[in-house]
Amino acid sequence: ILPRETKGFYTASSVAEAMQWHSYPTWKQYDTIMHRIARTWPEVCLLDTIGFSIRGRAILALKISDNPAADEKEPAVMLSAAIHGDELAGFVMLMRLAEYLASETSNGGLAASLTSGLEIWINPLANPDGMYRDNDTIIYPVRSNSNGYDLNRNFPDPETATPPPLQKETLDMISFMEKKRFSLSVNLHSGAEVVNYPWDKWKRLHPDDSWFNEISRRYADTVHLYSDPGYMTFLDDGVTRGSLWYVITGGRQDFITYSLGGREVTIEMDETKQTPGPDLEALWNWNSRSLLRYIVEAL
């Protein structure tokens with residue numbers, strides 16, 4: 001469990017400060033960071049747009065691969081965060097992961113293996129209107145989109161007769177995922193410290209329940225090698241089948257896994273939703289190897 005600062009969650013004063021990954025960027029800084037990563041490492045990066053929020057903010061995704069302009073016959077992986085706009089840690093984690101993969105590929109090793117064998121898509125912010133609301137700065141982030149809908153309860157459900165109206169962010173994400181057909185994906189959250197795998201909706205087991213449990217167990221066990229004692233030990237020592245914890249409908253994890261034939265887990269990274277800036281370094285040190293190892297599963 002992380003020690004807590006009392007000064008809030010820290011807004012960066014510049015892009016350079018934000019890219020030290022100990023604070024949160026403004027909206028304009030975030031946009032600049034994503035463009036900067038793509039521009040600095042064009043041989044492995046391509047910046048794309050999944051869609052736009054209701055307020056017109058771009059929902060950005062970086063493609064990281066050894067031939068980013070081509071649509072190669074390789075497994076595609078997506079890492080996404082902040083579908084709940086007030087859950088902040090995954091937002092910075094994925095920007096930092098994108099920079100790491102892009103910068104490390106030329107050095108060989110694991111990063112090169114991942115970018116040569118996969119098409120990796122990184123979407124740090126799935127709900128920009130929730131995180132930034134009416135401001136350029138994160139001041140009072142909220143869970144929902146600007147229409148008040150929880151986007152992680154907004155995906156089509158095969159058994160719900162009257163689902164809530166699909167929001168623009170949801171429709172754009174579905175269209176993007178239908179085109180890419182990700183072999184493996186992950187959705188980063190905060191509010192607990194646990195790896196949550198399908199199903200969230202049904203008590204019955206997924207046919208590959210043992211495989212889902214194994215990849216989730218590998219994530220949590222690797223975290224435990226590097227983290228302080230007590231981190232990510234919720235439920236079954238940091239792992240749960242979603243419906244054993246609590247049942248939801250309309251979640252992205254089950255939609256991707258059931259309706260698109262993909263495989264997604266949900267990783268809750270910090271029991272505090274608005275992680276203070278000084279704590280982001282510890283979360284990176286504790287989770288970065290597990291995130292890389294999770295991507296390896298797609299090979």
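I will start with one residue. Leaving out neighbours within four places in sequence, Leu101 is in contact with Ile64, Ala111, Leu114, Thr115, Ile120, Ile122, Leu292 and Ile295. Contact here means heavy atoms within 4.5 Å.

Before going on, the ground rules. This is a predicted model, so local features need pLDDT of at least 70 and side-chain atom pairs count only at pLDDT 80 or more, while totals for chains, interfaces and linings use all residues. Residues are numbered from 1 along each chain as its sequence is written, and side-chain values use heavy atoms, with hydrogens and water left out.

Back to Leu101. Together with Leu79 and Phe91, Leu101 has the most contacts inside the largest nonpolar core, which has 68 residues. A nonpolar core is a set of buried Ala, Val, Leu, Ile, Met, Phe, Trp, Tyr and Cys residues joined through side-chain atoms within 4.5 Å. Buried means under 20% relative accessible area, exposed means over 50%, and partly exposed is in between, with a 1.4 Å probe and protein chains only. Helix α3, residues 89–104, gives the most to this core, with 10 residues. Another core, of 18 residues, lies apart from it and includes Ile59, Ala76, Met78 and Met173. As background, nonpolar side chains tend to be buried together in soluble globular proteins.

Now the sheet. Eight strands form an open sheet with mixed pairing, in the order β1-β2-β4-β3-β5-β8-β6-β7. The strands β1 (45–52) and β7 (239–241) are at the edges, each pairing on one side only. From one strand to the next, the twist averages 20 degrees. For the terms: helices (H or I, at least four residues) and strands (E, at least two) are DSSP runs, numbered from the N terminus. Two strands pair if DSSP finds at least two bridges between them.

Which strands does β3 pair with? β3 is joined by five bridges to β4, residues 119–123, and the two run parallel. β3 also pairs with β5 in the parallel sense, again over five bridges. Two positions to look for: Ser80 stands opposite Asn123 in β4, and Met78 stands opposite Ser185 in β5.

Six of the six residues of β3 are buried.

Asn196 stands opposite Thr266 in β8. Helix α7, residues 209–226, packs on the sheet and touches β5 (184–189), β6, β7 and β8. The direction of α7 makes about 165 degrees with that of β6. Axes are lines fitted to C-alpha atoms, for helices over the stretch in contact, and angles run from 0 to 180 degrees between N-to-C directions.

Next, some backbone details. The peptide bond joining Pro198 and Trp199 is cis, with omega about 5 degrees. Trp199 is in the loop between β6 and α7. Trp21 is not a glycine, yet has a positive phi of about 70 degrees. Trp21 sits in the loop between α1 (15–18) and α2 (27–40), and counts as buried because its relative accessibility is 3%. Ala82, also not a glycine, has a positive phi near 60 degrees. Ala82 lies in the loop between β3 (76–81) and α3, and is buried, with a relative accessible area of 0%.

One more loop residue: Ser65, between β2 (58–64) and β3. Is Ser65 buried or exposed? At 0% relative accessibility, Ser65 counts as buried. Not counting residues up to four places away in sequence, Ser65 touches Glu43, Val44, Glu72, Glu74, Thr115, Leu118 and Glu119.

Last, helix α11. This helix has 17 residues, 280–296, which at 1.5 Å a residue should span 24 Å; the end C-alpha atoms are 23 Å apart, which agrees. The expected span is 1.5 Å times one less than the number of residues. α11 bends by about 45 degrees at Asn287. The bend at a residue is the angle between axes fitted to the seven residues ending there and the seven starting there. Among the buried residues of α11 are Trp284, Trp286, Asn287, Leu292 and Ile295. Leu292 and Ile295 bring us back to Leu101, which is in contact with both.
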